[in-house]
Amino acid sequence: MGQATERTDFDEEDFTRFRDRLGSNLKSLETLLQTPGFGDGPASFGAELELYVVNAQGRPLPINKEIQQALADDQLTLELNRFNLEYNFSPVLLSDNCFQKTEAEALTALKRINACAERWQGSVFPVGILPMLRPDDLGRSVMTDEPRYHALTDELRRIRGGPFDINIQGEDKIDLNMEDVTLEGANTSFQVHLKVKPEEFADLYNAIQLVTPLVMAIAANSPLLFGKRLWHETRVPLFKQSIDCRRPDPLHPRPARVNYGNAWVRHGAHELFAEAVRLYRPILPVCSDEDPFVVMSAGKAPQLSELRLQMGTVWLWNRPVYDPADGGHLRIEMRTLPAGPSIKDMMANSALLIGLGRLLQTSMRELIPSIPFDYCVRNFYRAAEKGLAAKLIWPSTSQSEPEYHSAASILARLLPMLPRQLSEMGFVDTDFAPLLDIIGDRLESRQTGAQWQLDRFARLQETLTSEQALLAMQQEYQRNSLDNIPVSQWSLT
């Protein structure tokens, strides 16, 4: 979706040509992935951070384009809503202290963006869902005025044939209809990219799918929407429902465009790209003139812009990425982590997710018979709903029936095994060791970002109105976040 398009209207001829080009792109990608040496080279780490822009009263401030234009920073991009921005970090080799370098870049970027936002009495910070967000902060008027966002909204609503239904049940309940997709922009995330070789993709991707619920449970940071206490990671149901263009039809089911996947990967990345082409109708049929086979015959990596655009409109929580840069390579994009609470917390979540994936990578073919994919999907939603209290099905080669364990107990058992895994991958010990300590402290205290927000909000409500308590909690959160204090150390008094 980050690929720009100047068009907002398309006809059937556009869609037909786009589908044809998708088929050609798929064949080209299949050839590339089978080419010896494709994607070789040292592994690298990259990330994207979505941010909220707020005013002095803690409410969304729609000035993303003004900030972007003032800073003229190519790494700072616009998001769907005018009160969101995204910062794209420089990729770093694993062996080059990638976590420390990304953290330093993030802190520098936040300082620069905040200094700029002060011109409009605003500020930015990372949080999964802004606690002070209100329904009247949303709507077409706050959508970033970019053709691709207008085209996306129009086509999703046309396919849906009516408004988008939002129904989330937690301690409180949300039940509403939206005429556009701006509620999707309420979700902000920290997206992690890991470069992988094609031959290693299937097992590592499956392992990341298996362990993501564990990381979701301890990384949760989005418990509130419109002042309502919902899931520990409310982003998960909200993202899915806010752009769900399927019409209710139990006799003709279709997969949601936001989902956790359809099955374990059997052979490699190509099948995920093929699913995105064959299971999801195109939304933005913008075609290029590139002949990928001509480009490949010249020894270069094709852009495959149609396939990349299609992948950008199918929102898998863990997604394969083809990138033509540097001769072409493959990445796994891990999209489940919320923005915040602090930069240190986000780095720690990343180290945990990658380390757990590596730990189970070589065991996946033995473990898969013990956990059908649907069980893994249920784990994901349980973890998003309940956080560390979630009971998850966890596979074992010695089990005789599915076994349930708390997310916290599984993490406590696996965490000590991760230093060796990260070291063997090429990460620097002094780079990741402090991050695993942050995870250990969070696990011991049971204080995730979501739990802190809920507990602090409840305590403030003892002496303040709900609105006052929400603002006070958010202001404390913002100070702690920008001071880069791990959430396990945040005070509740």
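## Basis

The model is predicted: local features need pLDDT of at least 70, side-chain atom pairs count only at pLDDT 80 or more, and totals for chains, interfaces and linings use all residues. Residues are numbered from 1 along each chain as its sequence is written, and side-chain values use heavy atoms, leaving out hydrogens and water.

## Overall fold

The protein chain has 17 helices and 16 strands. These are DSSP runs numbered from the N terminus: helices are H or I with at least four residues, strands E with at least two. Along the principal axes, the C-alpha atoms fill a box of roughly 70 × 55 × 50 Å.

Of the 493 residues, 62% count as buried. Buried means under 20% relative accessible area, exposed over 50%, and partly exposed in between (1.4 Å probe, protein chains only). Among contacts (heavy atoms within 4.5 Å) between residues at least 6 apart in sequence, 76% join residues at least 24 apart.

## Backbone features

A cis peptide bond joins Gly340 and Pro341, with omega about 0 degrees. Pro341 sits in the loop between strand 14 (329–334) and helix 10 (343–361).

Two non-glycine residues have positive phi. Gln121 has a phi of about 55 degrees. It lies in the loop between helix 3 (98–117) and strand 5 (122–125), and is exposed at 58% relative accessible area. Phe226 has a phi near 55 degrees. Its loop runs between strand 9 (224–225) and strand 10 (228–229). Phe226 is buried, at 12%.

## Salt bridges

The structure holds 30 salt bridges. Each is a side-chain nitrogen of Lys or Arg within 4 Å of a carboxyl oxygen of Asp or Glu. Arg59 and Asp136 pair at 3.2 Å, N to O. They link distant parts of the chain, 77 residues apart. Arg59 is partly exposed at 23%; Asp136 is exposed at 64%.

Arg157 and Glu179 form another bridge, with the closest N and O atoms 2.2 Å apart. Arg157 is in helix 4, while Glu179 is in the loop between strand 7 (173–178) and strand 8 (190–196). Both are partly exposed, Arg157 at 28% and Glu179 at 48%. Asp165 and Arg160 pair at 2.9 Å between closest N and O atoms. Arg160 is buried at 12%, whereas Asp165 is partly exposed at 40%.
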